Amino acid sequence: MNEKVAMDKLKGLGKDIHDEVVKGEPPKFETVLRSRGNIKYDEGVGCLRLGNKKETRNFLTVSQSRTFMQTVAIANKTKRFLKEDLHTSIRGLYYQLKFSLGENLDESLFEEQGESNALIEDLEVALGIKREDLHLTTDRKGVVAGPMKIRDKFGGEENTIDLTKQGRSGWMVPSDVDNGMEFMDVDAKYILVVEKDALWQRLNEDKFWKKEKCIIITPKGQASRGTRRLIRKLADQDLPVYVFTDCDAWGWYIYWTIKTGSMNLAYLGRDFSIPESKFLGVTMSDIEKYSFLKKLTIKAKDIDVKRASEMMGYPWINKHKEWVAELKKVLKTKQKIEQDALQGQKLTFVGEYIKEKIKNEEWLP
Amino acid sequence: MASQETFKEHSVAEFFKKNKQMLGFSGKIRSLTTIVHEYVTNSFDACEEAGILPEIEMEMKETGKDRYLLKVKDNGPGIPKKHLGKALGMMLAGTKFHRYIQQRGQQGIGAAGCTMYSLLTTGKPVYAESGNGKEIIKCNISVDFKTNKPVLTNIIEEPSDFRGLVVEAEFGDVKFEKSNYGVIEYLRRSALVNPHAKIRFTDPSGEAIVFPRSTEEIPPKPVEVQPHPLGITAHDLLDLSKAESEYSRLSSFLQARFSRVSLAKVNELKDMLPEINFNKNPKNLSWEECEMLVQKFKDIKWISPSADGIIPIGKDLIEKSFVNVLNPEIVVVSERKPKIYKGGIPFVVEAGIAYGGGIASAGKKGEVMRFANRAPLLFDAGGCAITETVKSVDWKRYNLKNFDEEPIVVLVNISSVHIPYVTAGKQAIAGIEEVSDEIKNAVMEASRKVQVYISGKRKKKEAETKRKVIRRYVNQLSSDLAELAETDDEEKLKEKLSEMVENRYT
């Protein structure tokens with residue numbers, strides 16, 4: 001289990017530093033540089049990840065002294081969480097570590113939460129583990145329904161959850177889908193990721209997942225860490241992943257984050273990206289194909305245009321001529337269209353649209 | 001000849017009456033400081049020549065709007081009756097004018113200028129008492145502007161054991177103020193470079209301030225030196241030749257009255273100036289001949305003038321005074337050899353830097369104290385070579401980020417028989433290249449020592465700060481580390497870490 005690995009790695013970190021100190025050597029540990037210059041696109045895997053530039057954190061360097069102490073404190077505290085089998089948010093961790101460094105010192109171990117975020121990332125990178133493995137939870141976001149079951153060991157209990165029996169609300173994706181959780185009886189042909197909750201509710205009401213034998217997931221906007229892990233794990237069961245978003249730079253960016261990962265979380269690499277995913281729509285070309293959509297476009301905002309031209313600059317996007325063509329259309333027409341617009345003529349058209357796209361293999365890479 | 005002289009003197013008094021700003025009488029505060037300056041420097045000079053430790057008492061009373069009565073009393077040798085009028089009532093009286101001697105007051109217009117100012121602004125003469133320890137003379141002194149002759153009235157002469165000079169004068173169009181340009185600041189700076197003097201000043205509110213004596217050492221008597229050919233003008237040469245009574249031939253006059261003029265040099269001059277008869281009586285030299293001679297002086301290779309006549313304050317005394325007056329954290333004073341400007345005038349620059357300590361607590365920042373022959377220069381800072389030079393130093397190179405914000409006082413004193421003042425107001429040093437360069441070198445010499453001190457101190461302080469910062473984290477780290485590594489080594493880790501921090505930052 002990941003937790004066991006995390007536990008060992010935390011202890012190992014402690015042991016290494018401890019031994020250095022006993023030998024009279026300056027306490028230090030190595031981590032990988034997370035700055036822009038060390039973010040690479042891995043052509044082979046198809047995801048963003050960190051390069052090889054390393055950085056050393058040294059306790060005896062004044063500028064790193066405090067953060068070094070804080071990182072070790074986080075390591076020790078999360079090791080206790082693992083031991084006690086308790087979870088908390090990074091805010092909870094912050095409160096656990098917000099105490100005075102000494103009676104006569106006007107300084108706390110942590111003064112504000114902002115201090116801890118970067119250090120948690122340091123620890124993740126240095127040890128090659130995820131914060132979820134350290135029992136640090138993030139806000140839940142994302143809903144699933146479809147033919148599969150989940151065995152959830154939590155709070156000393158074990159439950160089996162059937163994702164075909166979640167009614168109108170679906171199953172909410174937890175922050176960690178790796179520890180104490182097993183996916184069973186996955187009986188789907190593919191996975192459909194739908195940007196907006198409203199469209200997910202449409203498909204759920206239409207029993208789309210039942211008719212199509214698929215799993216429908218909405219990240220409700222940008223995908224959370226948990227949702228990305230969930231899609232990754234399902235994709236690992238050889239299920240194709242299709243993504244369906246608004247036709248604008250924002251929606252497309254949601255697709256690309258799912259596919260290649262984001263710059264901010266580049267350190268997570270392949271575990272949080274799904275390079276094999278495909279983009280179903282909505283595309284600019286759809287406007288020409290489905291004539292009723294022509295009247296339903298909206299004017300693109302400045303930020304959409306800006307984001308579109310940024311995306312043109314990313315090598316992992318501009319290597320696909322189909323995408324360059326789409327982005328150029330945005331820059332030229334300055335228009336966009338929401339996925340909700342597909343309900344313009346007929347509410348249930350959404351399902352037909354998706355089926356037709358998949359059947360005709362009409363997707364973008 | 002007589003009429004010419006009368007005309008000359010007439011113009012001198014009239015000229016300065018019309019141009020009193022040239023003597024420092026411009027602005028109410030400045031005029032008052034100028035007056036105090038003239039009396040104080042006269043007393044210092046007189047005491048120095050007589051080998052007396054000066055003790056000056058001054059009292060100022062407000063008598064009306066912008067009107068003050070000033071009483072100055074010193075313990076000097078006093079002024080003999082025959083000179084008293086000239087000293088206090090005749091412009092350019094010549095008691096000092098043609099003596100090549102290093103003194104604070106150089107042009108002999110000072111105290112008489114004050115008398116003039118008193119007459120101009122209040123119509124009242126100056127009252128003086130002068131005693132030599134046996135007899136005293138008391139009188140009123142005024143100036144006859146038309147003839148530039150002193151006028152003494154109400155003369156009383158009687159036996160007395162008083163020794164010294166008392167001057168009482170009332171001035172209008174002046175103002176007492178406790179500012180950087182005021183009387184008290186002037187006296188404070190005077191005291192700084194004249195630690196052998198004791199000055200007591202009672203201000204118009206009756207409050208007395210005493211600048212005590214901090215050394216019993218009387219500065220050496222200034223030596224009168226002969227002028228060097230490169231240091232004089234045609235006008236000087238004409239005056240000297242007219243006054244000559246001992247030598248009747250130009251060639252012997254030149255050899256006898258000027259330094260470094262030998263027979264060989266006179267022969268060189270003869271070759272260059274066949275139109276001049278070197279056997280003529282120097283009294284008969286014409287203005288044109290003087291001009292030609294001074295012109296040719298510049299073409300001859302002279303031995304540099306002797307710098308014997310120059311008396312700097314001295315490193316020890318500057319240091320001592322700085323400590324007494326400012327109580328700074330560090331004092332550095334440069335020691336420089338005499339240099340020469342305009343090819344013939346020797347001068348010595350002393351630069352002292354005081355930093356931190358009492359300067360910081362007094363809130364002083366980036367102060368430049370200018371002195372010429374130990375007399376403070378308070379005015380015209382902008383046009384003074386000292387200010388310009390000090391500001392032109394790249395202080396960042398000396399670990400002083402922003403000169404104007406640092407707790408630093410830079411003292412520069414120029415000593416010379418002829419200080420190159422910008423004007424007769426004697427408040428600013430002219431930007432002559434040799435002088436500016438030497439000021440810069442002196443200031444930089446002192447700055448380097450300050451830099452070494454500051455950077456050493458800064459490094460030590462930085463190391464201490466770093467040590468303190470890291471030490472705060474040792475306990476927490478040790479406890480977390482011991483637990484994380486699953487050992488009981490907390491105490492051992494603490495010890496080891498503390499040791500490492502100490503070793504790294506000492």
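The size of an interface is often given as the accessible area lost when the parts come together. Between chain B and chain A, the buried area is about 2,700 Å², of which carbon and sulfur atoms give 68%. In chain B, the residues that lose the most area to chain A are R472(B), Y473(B) and L484(B), which together account for 26% of what that side buries. In terms of contacts, 24 residues of chain B are in contact with 33 residues of chain A.

Four salt bridges are counted between the two chains, including one between K79(A) and E486(B), in which the closest N and O atoms are 2.8 Å apart. Polar contacts between chain B and chain A number eleven residue pairs, with both residues at pLDDT 80 or more. On the side of chain B that touches chain A, α13 (433–484) and α14 (490–504) of chain B each supply at least two residues, and the largest share, twelve residues, comes from α13(B). By residue class, this side of chain B divides into 13 nonpolar, two polar and nine charged residues.

As regards confidence, the predictor gives the complex an ipTM of 0.81 and a pTM of 0.56. The mean pLDDT of chain B is 86, with 92% of its residues reaching 70 or more. In residues 1–10 of chain B, however, pLDDT stays under 50, and the model has eight contacts beyond four places in sequence for this stretch. Residues 94–98 of chain B likewise have pLDDT below 50, and this stretch has eight contacts in the model beyond near neighbours in sequence. Where pLDDT is low, the predicted coordinates should not be read in detail.

Notes:
Residues are numbered from 1 along each chain as its sequence is written. Chains are lettered from A and ligands numbered from 1 in the order in which they are written. This is a predicted model: local features need pLDDT of at least 70, side-chain atom pairs count only at pLDDT 80 or more; totals for chains, interfaces and linings use all residues. Side-chain values use heavy atoms; hydrogens and water are left out. Contact means heavy atoms within 4.5 Å. Buried area is the accessible area (1.4 Å probe) that two parts lose on being put together, summed over both. A salt bridge is a side-chain nitrogen of Lys or Arg within 4 Å of a carboxyl oxygen of Asp or Glu. A polar contact is a pair of N or O atoms within 3.5 Å; within protein, one must be able to donate a hydrogen and the other to accept it, and residues adjacent in sequence count only if both atoms are side-chain atoms. Helices (H or I, at least four residues) and strands (E, at least two) are DSSP runs, numbered from the N terminus. Ala, Val, Leu, Ile, Met, Phe, Trp, Tyr, Cys and Pro count as nonpolar, Asp, Glu, Lys and Arg as charged, and the others, Gly among them, as polar. pLDDT is the predictor's confidence in each residue, from 0 to 100.
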